[in-house]
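Trainee: Could you walk me through a few helices in this one?
Mentor: Gladly, let us take them one by one.

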Amino acid sequence: MPAPKKTARRSLLVTSAVLSSLALTAPVSHAAPKPSPSTSPSATPPAGMSTVGGERLGRPGTQVNLASGVPVLPKDLTARSWIIADAESGEVLAAHNSHWRLAPASTMKMLFADTVLPKFPKTMTHKVVPSDLADVGSGSSMVGIKEGETYSVHDLWLGVFLRSGNDAVHVLSKMNGGIKNTVEEMNEHAEELQALDTHAVSPDGYDAPGQVSSAYDLTLIARSGLQKKDFREYCSTVTAKFPGETTKNKKGKSVRGSFEIQNTNRLLAGDSDLPVYQGIAGIKNGNTTNAGATFTGVAERDGKVLLVTVMNPEKSEHNEVYKETASLFDWGFKAAGKVQPVGELVPPKSAAQASAQPGANDAGEAGGTGDGEGPSKPAVGASAAGGSSGIGVALGITGGVVVLLAAGAFLINRRWPLPDLVRRRGRS
């Protein structure tokens, strides 16, 4: 079979390639045993961790190939675990305890979204009943969903991505057959992605015994989510209008108000002590008592797309998880093309056997409907539908297949780029 046709390199990011129809076997993954429900993370990483993605990634401590011309890593990193990876090639540029199983907090919502997002079309509506919100954890982050009100699926996903709303997660989970079913599907999907450090107990990341993930797995999950158009749009949206309560006006007519919500990702939205990070485009932050602060982000600069995950910085300064993420992004952009990787992000188990089918829909829109655009028509709008707006740099993509350069001359686990990424600016 001929090797995949090479596409011309775009000026900013990659263009789509065509899936090879050659079936390959995904590499065997070696993971540590699954955690027991009673297991809680120790103060130090275990001596033996998963080696998914490479033997060095299973070692405790910092893994990086410093050499002439490679910048020194930031000296003020305090996170228990972190990883920097090339989102296109999957190369891990540097890592620190990347397979250490830790509480993920709301970064677990990335797995929830990657699992459930394709199930329902954006326009589908749901009237909230008391049982939808009955088991939302005390002290949860909320977007403000009200019983008796009707919301579109689009509204609910805005609540998940922007406000990290556990109420929105629970409504979508109930629509998906219930919490138990959704968690089971999330764990099945994590196994398919080879995110073998991950065990979901709740769909929203709320602290629960045995609920764990790792910096490596969260990065795998983010990379998978970014193959979906709706996922990219939601995670890069900064502000949006969210439906409020229905009230009666002076004439006795029912009117539905709305209020503005803003993304809690401070590298995307900025804060008093933190500017918007140049090139940031998502993805998800989290913070709970057990997990501390967690964050996975994606950013583009000078044609390079990087993924960074940071888990539980020890330093308690305001926005510390974002500051350490920004410093790792800075290092990664300087080191890209100079540093030799220490491992790789593996593809899903089924990726090696996937093949492109004429007319197949892999655009990843919710509800499984294509957007009607071909690979030559990149999407350049920066905001999700429904009055949402993006600020700074966002990532967009057209329809088309996920890029999987799979042929005898290639190691499939070294090439799983993002499809048709283009740089977008949307300021409001």
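Mentor: Helix α9 is mostly covered, with 13 of its 16 residues buried, where buried means under 20% relative accessible area with a 1.4 Å probe and protein chains only. This is a predicted model, in which local features need pLDDT of at least 70 and side-chain atom pairs count only at pLDDT 80 or more, while totals for chains, interfaces and linings use all residues. Residues are numbered from 1 along each chain as its sequence is written, and side-chain values use heavy atoms, leaving out hydrogens and water.

Trainee: How far does α9 reach from its first C-alpha to its last?
Mentor: Helix α9, residues 320-335, reaches 22 Å, close to the 22 Å expected at 1.5 Å a residue, that span being 1.5 Å times one less than the number of residues.

Trainee: And what comes just after α9?
Mentor: Gly337 does, with a positive phi of about 85°.

Trainee: Switching topic, at what angle do α1 and α5 pack?
Mentor: Helix α1 and helix α5 (residues 179-192) pack at about 95°, their axes 9 Å apart, the axes being lines fitted to C-alpha atoms over the stretch in contact and the angles running from 0 to 180 degrees between N-to-C directions. The two helices α1 and α5 are therefore roughly perpendicular to each other, a term that covers 65 to 115 degrees.

Trainee: Which residues of α1 and α5 meet there?
Mentor: From α1 they include Phe112 and Val116, and from α5 they include Met186 and His189, with contact meaning heavy atoms within 4.5 Å.

Terms used
Helix = DSSP H or I, 4+ residues; strand = E, 2+ residues; numbered from the N terminus. Buried < 20%, exposed > 50% of the residue type's maximum accessible area, 1.4 Å probe, protein only. Parallel < 35°, antiparallel > 145°, perpendicular 65-115°, else oblique.
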